[in-house]
Structure formats: C-alpha cells, structure tokens
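Please look over the sequence and the structure shown here before reading on.

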Amino acid sequence: MKKLLQFTLMALLVGLFSCAKEPLKPILSGEIWPDNEGVHVNAHGGGVIYHDGTYYWFGEHKSPNTSSALVGVMCYSSKNLTDWTNMGVALAVEEDESSDIVRGSIIERPKVIYNEKTKKFVMWFHLELKGKGYSAARAGVAVSDKPEGPYKFIRSGRVNPGIAPYDMDEQAQAEMAALDAKKYEKWWTPEWYEAIDKGLLLKRDMPGGQMSRDMTLYVDDDGKAYHIFSSEENLTLHIAELSDDYLSHTGKYARMAPAGHNEAPAIFKKDGTYWMITSGCTGWDPNEARMHSAPSIMGPWTKHPNPCVGPKAEITFGGQSTYILKVPGKKDAFIFMADIWRPKHPIDARYIWLPIQFKEDGTPVVEWMDSWTLDWFDQK
Ligand code: GAL
C-alpha cells in the first residue's frame, strides 16, 4: 500500500512538472550573455532571422585585442531568444592573402536574409580590405543552403557604379555633373551642405561605385529585399534594391538624409509606415540615436526626435543600433538590438535588447529596462 501511494505521488509530481511551463528567462541588457557552453555570445553588430521555428543570430566574431576579423561571422541558434547554442563560424575568414576576406580584414555588421525563390540564405556585410583601414568601404555577399552555413563568399565591391539615384531627374543629374569639388573643400558650410545634397560625393564615386559601410538588410512583404548602408563618406544613407536572388543590386536606389551623417541603420515596418533608427558617427563611442519614418522604403523620410527614454537615453544607453527584430507570432512585437562596444577589449562588447513601445500616435519609443521577459509583448 505504501509503495502504491509513493508511486502515485511520484507520478503526480512528474505530471505536474511536465505540464508546468518553464519560466521565461530575463533579457538583461549590458550583462554577459552565456551561450550553451557558458561563454559570452560573440556575435556583434549582428541581426537575427527566424526560420522553421528557430532563431538564428549572426554577428561579428570579436577577439580580445582587435576588432579585425580573425575568425569571421558567427551563428547562434535559439528556440526562445534567450538560450543560445553556438553553431560555429557561418562565414570563415580565408587564409589566402589574395582573398578579399583574408584573416585580418574587417568584416562588420553581417545580416542574413532568406530567399523564398532560390531557397538560399544570403549574407551581406561591410568589408574593409586587410591593411587598408576603412578606405575600401565595400559590401560583401555570401550564400548558403543552410541558415547556419557554411556561407560561400561570392564577391565584394562598391555599389551601383555609374548609376544615379532613381529619383534624380535629368536636370538634377546635370547639376550634379556641373559640381566642382575644388570649391567645396571646407566641410559643414551652407554651400558644402548644398553640394553634398546635389551629389558632390555621389559624382566622385560614380566610376568605381558608391561607398558601403554600416549596413542592414530588409525584406519587404512583397519579397523584395533592400540593402541599406552608410555611403558618401558616411554622410548619406543609400537604400538600394537587391535583385530577385538577393545576390546583387538592381541599380534602383534612393538617398536618405544627405549630409545627415547616419550610421548603424536598423529598420522595421508597422501599419504601412517604415521606421528607421540610426546613430550619429562617433566611431565606437555611443551617441544619440536618430529616428526617421517614411510611407515607402524609398522615402520621402521624415526625421523624428531620439526614440530612447531612460538613463543614458541621450547616448542610446551606451550602445549603437544594429537591428530590429520582428518577433513572429506576436502582434506589433519588435526588439531593438544595439551593441555596447568595448574597443579596448572587443570580445567583451555587450548587447542591448529592448522592446519597442508605441505612443498613442504610433511613434516608436525605446525605453531602458534593466530586465524584461518576452511575455512583455503579451501584457501590453
Ligand atoms: C562605428 C561603426 C562600427 C565600426 C566602427 C569603427 O561607427 O558603427 O560598425 O565601423 O565605427 O570605428
């Protein structure tokens, strides 16, 4: 009888435990985020995609003493956005000194998108050639059959050579052609602003293609994908349409905020409005986030005040935007992702993930939270 009682009790307990949902783990921005091996996630300047029930986080592998790429782009996977399994190197640096992505080059802000038509995963990233500082300003592209890789490097280069923005008419193109660079050597004067707006640097870079540094990718509802990057000496963002296979640019592109000095673009769409959060240009040091909205991805873009609220809101909580993740299966659920850089000890850089809130008029707000769980989105 005692045995039977014990058995029933055990069975009840087992049943209870298997029914009870595991409590959600908190998201603690700025802390160490241990992966499945207890090691701080090493995926900086990254982005997250959701594919077949799993999240994949891609980002720059950083080393203890350098921000240059010694390893490549890392991939982590998760079912719940808090338990991350190290899937290894998605795009590996190459040993061949003649390769664009040789060990010691700079590989930054990798983003991956899935192409429904080709069933391939496409990675774009900012590439700087080894030993050339930040002068190359190239975009790199790589492709894989599986989300976690290995990704095969295809090529790198400047973007859209010889092509004017889609909305620059013949007269504007003639005005750009007439600009004389020698007249505008002094930056930030009213004349210089006007010349940048008219395409001073666009014209300079026409032959070899436009510069491409900080970047993100966005796939719209119609399946068209866009590569959004800091161009024209980081003064102007370009929003460039990608080809159907996402492996090249179609030549259609718009410019956003000429001479606005925007970096670190992150974008999402809600109720037909595109929202873009960016940073200013102060290298690894944090600065005040900017926000822009548009009725179409090609613009026109309107500037809004800093969306951040809370301690250190005037320096993006010490971070710099990298991506905005739309959480599938939840209404209007978006996570703002940013990096707290540690240039002296790059591997120790931290992550900021915060839910995006919306004011009554629909304007996004990013409020600091020491700790939050994903069910925050269900309680709104
Ligand atoms: C930041 C940029 C980073 C990295 C860094 C280098 O402004 O967002 O991705 O390029 O500059 O100083």
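## Basis of the report

This is a predicted model, in which local features need pLDDT of at least 70 and side-chain atom pairs count only at pLDDT 80 or more, while totals for chains, interfaces and linings use all residues. Residues are numbered from 1 along each chain as its sequence is written, and side-chain values use heavy atoms, with hydrogens and water left out.

## The ligand site

Around the ligand are E108, R109, Y134, D214, E263, G283, W284 and Q320; a residue is near a molecule when one of its heavy atoms lies within 4 Å of it. This shell divides into four charged, two polar and two nonpolar residues. In that division Asp, Glu, Lys and Arg count as charged, Ala, Val, Leu, Ile, Met, Phe, Trp, Tyr, Cys and Pro as nonpolar, and the others, Gly among them, as polar.

An N or O atom in the side chain of E108 is 2.6 Å from a ligand oxygen, and for the side chain of Q320 the distance is 3.0 Å. A polar backbone atom of G283 is 3.2 Å from an oxygen of the ligand. Taken alone the ligand exposes 310 Å², and the protein buries 89% of that. Accessible areas come from the Shrake-Rupley method with a 1.4 Å probe, and for residues only the protein chains shown count as cover.

## Salt bridges

The structure holds 22 salt bridges, each a side-chain nitrogen of Lys or Arg within 4 Å of a carboxyl oxygen of Asp or Glu. One of them joins R109 and D214, with the closest N and O atoms 3.2 Å apart. These partners are 105 residues apart: R109 is in strand β5 (residues 106-115), and D214 is in the loop between α4 (200-204) and β9 (215-219). Helices (H or I, at least four residues) and strands (E, at least two) are DSSP runs numbered from the N terminus. Both R109 and D214 are buried, where buried means under 20% relative accessible area, exposed over 50%, and partly exposed in between (1.4 Å probe, protein chains only).

K120 and D145 also form a salt bridge, at 2.7 Å from N to O. K120 is partly exposed at 32% relative accessible area, whereas D145 is exposed at 55%. Another salt bridge, at 2.8 Å, joins D348 and R342; D348 counts as buried at 18% and R342 as partly exposed at 31%. R158, R204, D205 and E233 are linked in a network of salt bridges.

R290, in strand β15 (residues 290-294), is buried yet has no salt bridge, and the nearest side chain of opposite charge, E288, is 6.6 Å away. Lys and Arg count as positive and Asp and Glu as negative, while His and the chain ends are not counted. The side chain of R290 does make a polar contact of 3.0 Å with that of N262.

F125 lies in strand β6 (residues 120-128) and is buried, with a relative accessible area of 0%. F125 is 17 residues from E108 in sequence and 5.9 Å from E108 in space, C-alpha to C-alpha. S144, in strand β7 (residues 138-144), is buried at 4%. A polar atom of the S144 side chain lies 2.6 Å from the backbone oxygen of K146.

Methods
Polar contact = N/O pair within 3.5 Å; in protein donor to acceptor, adjacent residues only side chain to side chain.
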